[in-house]
Amino acid sequence: MIQFCTNKTEIPAIEDMPSLGFGIMHRNYCHSEFLVDTSSAEDSLKARLLESRETVKFVIGKGGFFLTKARRDKRFLKSPGRWKIGRTKILIPSVANDFELNLKRRKQRELATFISTIIYYTHILGDYIVGAQGPLPEYRDTISSFQNDLHGVHGISIKDKIKIRNFFCSCSFNKKPKVNAQKILKEMGNVFPGIIMFELRVRKSNTYHKLKNNKKVAAIEIKLKDKRTS
């Protein structure tokens, strides 16, 4: 990220991030919407840390040494939220570098945020499919958050905003979350890659031409494979 990429971003070390415990805490905290900056789960995390014993198993570093209460308070309780770090310091910069988008340019930064939002909700929809539904939000609330968070990203063309609006108008809620999530993920594959390609082309990104060429190569490979198997 520092040596080779457009955005010279340093990924935080895992031991520098607040501990969230296991699955339920993670989902309650990190699945509260993409653009959320506060979460009741963060207060729950802080309360749990404060109630812990003096040398509870919150460890840092490869040696895994314990943190005293004073160091724990300083390191975790006063640190930025876990999801805020994961979103702004890891996910968006990583996406920007993958697509060769410059975070110092507003329109390119907005597109990196737009793509990151799609990745985030793809992950959550996958959780509905594998059945990890206990601590997840209501399915309808997740889709509503998805729509609101995409709407909160500026710089997307009117043409693509209409496509996004039509996409959410077509979402169904009449079956189980697993079935609904499978259907919407399939439709996302038909809608969002085209939108991303168009937005890359508008921004005159080199990545647009690379992806376009990759698509041609893939089409030729699929055609050749079909011939061999027929």
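How many helices and strands does the secondary structure of the protein come to? Let's work through this and a few more exercises together.

Before starting, note that this is a predicted model, where local features need pLDDT of at least 70, side-chain atom pairs count only at pLDDT 80 or more, and totals for chains, interfaces and linings use all residues. Residues are numbered from 1 along each chain as its sequence is written, and side-chain values use heavy atoms, leaving out hydrogens and water.

**Exercise 1. Describe the secondary structure.**

Step 1: Helices (H or I, at least four residues) and strands (E, at least two) are DSSP runs, numbered from the N terminus.
Step 2: The protein has nine helices and two strands.
Step 3: Along the sequence, the pattern reads α-α-β-β-α-α-α-α-α-α-α.

**Exercise 2. Find where confidence is lowest and highest.**

Step 1: pLDDT is the predictor's confidence in each residue, from 0 to 100.
Step 2: The protein has a mean pLDDT of 82, with 72% of its residues at 70 or more.
Step 3: Strand E1 (residues 59-60) is lowest, with a mean of 53, while helix H7 (residues 158-169) is highest, at 96.
Step 4: Where pLDDT is low, predicted coordinates should not be read in detail.

**Exercise 3. Explore the largest nonpolar core.**

Step 1: Such a core is a set of buried Ala, Val, Leu, Ile, Met, Phe, Trp, Tyr and Cys residues joined through side-chain atoms within 4.5 Å. Buried means under 20% relative accessible area, exposed over 50%, and partly exposed in between (1.4 Å probe, protein chains only).
Step 2: The largest core has 42 residues, and Phe114, Phe167 and Phe192 have the most contacts inside it.
Step 3: Helices H4 (82-98), H5 (106-130), H6 (139-151), H7 and H8 (177-202) each give two or more residues to this core. H5 supplies the largest share, 10 residues.
Step 4: Now look around Phe114. Beyond its neighbours within four places in sequence, its contacts (heavy atoms within 4.5 Å) include Leu150, Ile164 and Phe192.

**Exercise 4. Examine an aromatic pair.**

Step 1: Rings of Phe, Tyr and Trp (its six-membered ring) pair if their centres lie within 6.5 Å; planes under 30 degrees apart count as stacked, over 60 as edge-to-face and the rest as tilted.
Step 2: The whole structure holds 12 aromatic pairs. One of them joins Tyr120 and Tyr121 edge-to-face, 4.8 Å centre to centre with 90 degrees between the planes.
Step 3: Tyr120 counts as buried because its relative accessibility is 6%. Tyr121 is buried too, because its value is 1%.
Step 4: Both tyrosines belong to an aromatic cluster whose members include Phe34, Trp83 and Phe114.
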